[in-house]
Amino acid sequence: MDLLDAITARKSIRAFRPEPVPQSVLQALLQLAIRAPSSMNTQPWEFFVVSGEPLARLKTQSLARLAAGEAPRPEHSVTGWPRQSVFRERQVALARQIFELMEIRRGDNEKRSEWLARGFRFFDAPTAIIACTDGQLTPAGPLIDIGAVVQTLCMAALAFDLGTCIEDQGVAYPEIVRAAAGIPADKRIVTAVAVGYPDWEFPANRLASARDPVAAVTRWCGFDQD
Ligand SMILES: Cc1cc2nc3c(=O)[nH]c(=O)nc-3n(C[C@H](O)[C@H](O)[C@H](O)COP(=O)(O)O)c2cc1C
């Protein structure tokens with residue numbers, strides 16, 4: 001696949017076929033992902049790849065906490081979006097697009113809860129990759145590096161016909177992620193990536209998420225006016 005086509009084709013996948021992803025494929029994927037740049041080549045990332053019974057247990061426990069109404073307590077602070085902001089508007093626009101594709105009508109709380117639960121069970125992916133950093137590092141410091149490696153992983157996944165969804169929902173309850181994945185106390189959990197073969201029949205996988213135009217997010221300095 002051409003690089004520009006791949007950049008355009010990458011999208012978040014929110015339903016997967018049940019086939020497991022071979023460990024050799026995941027190994028090759030991570031081998032590519034770690035070519036990502038990092039500040040001073042510090043490579044402040046570590047991955048915990050979870051599949052099979054430990055992932056099944058993690059999904060069950062995560063859903064149980066969600067059902068009990070337990071508030072998420074991620075280790076890396078997830079931004080809140082001010083109600084009167086473009087960020088909130090974009091978030092609402094995404095939800096509208098997804099709900100339309102999934103035929104979730106306003107006020108249909110059952111379907112909304114079912115949708116929410118999908119994220120907490122890793123969208124039924126056969127693999128979850130938990131991206132961590134080292135607890136010695138400042139909380140925000142390695143986040144650009146982790147972002148670079150995770151995006152590289154999501155891009156490389158396309159070469160193996162794999163789909164991905166970066167998902168903070170997957171690390172909402174860190175203690176159970178730690179226990180299932182065997183993550184030591186000196187590592188900080190940053191985010192999760194659901195990985196598997198996409199179920200292209202699933203309506204939300206048809207989503208083409210919107211972007212504001214370049215002109216809305218770019219200022220040019222030192223260029224002649226065309
Ligand atoms: C840091 C981060 C966390 C995310 N967490 C979630 C999540 O918890 N649940 C989810 O459905 N999507 C999650 N996403 C996916 C975004 O919703 C998605 O990237 C965005 O809507 C753009 O769509 P695209 O990836 O299909 O281009 C996350 C993405 C990032 C970068």
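These notes cover the sheet, the helix packed on it and the ligand site of a predicted model.

1. Basis. The model is predicted: local features need pLDDT of at least 70, side-chain atom pairs count only at pLDDT 80 or more, and totals for chains, interfaces and linings use all residues. Residues are numbered from 1 along each chain as its sequence is written, and side-chain values use heavy atoms, with hydrogens and water left out.

2. Sheet. Four strands form an open sheet in the order E1-E2-E4-E3, with antiparallel pairing. The edges are E1 (46-51) and E3 (163-167), and each pairs on one side only. Neighbouring strands are turned by 25 degrees against each other on average, direction ignored. Strands here are DSSP runs of E, at least two residues, and helices are runs of H or I, at least four residues; both are numbered from the N terminus. Two strands pair if DSSP finds at least two bridges between them.

3. E1 and E2. E2 spans residues 127-134 and pairs with E1 in the antiparallel sense over 6 bridges. Val49 stands opposite Ile129 in E2.

4. Helix on the sheet. H7 (residues 174-181) packs on the sheet and touches E1, E2 and E4 (187-196). Contact means heavy atoms within 4.5 Å. The direction of H7 makes about 70 degrees with that of E4. Axes are lines fitted to C-alpha atoms, for helices over the stretch in contact; angles run from 0 to 180 degrees between N-to-C directions.

5. Ligand shell. There are 13 residues around the ligand; Arg10, Ser12, Arg14, Gln169 and Arg211 come nearest. A residue counts as near if one of its heavy atoms lies within 4 Å. By class, the shell has 4 nonpolar, 3 polar and 6 charged residues. E3 gives the most to this shell, with 3 residues.

6. Polar contacts (N or O atom pairs within 3.5 Å). Oxygen atoms of the ligand lie 2.6 Å from a polar side-chain atom of Ser12, 2.8 Å from an N or O atom in the side chain of Arg14 and 3.1 Å from a polar side-chain atom of Ser209.

7. Cover. On its own the ligand has 620 Å² of accessible area (Shrake-Rupley method, 1.4 Å probe), and the protein covers 69% of that.

Methods. Polar contact = N/O pair within 3.5 Å; in protein donor to acceptor, adjacent residues only side chain to side chain. Nonpolar A, V, L, I, M, F, W, Y, C, P; charged D, E, K, R; others polar.
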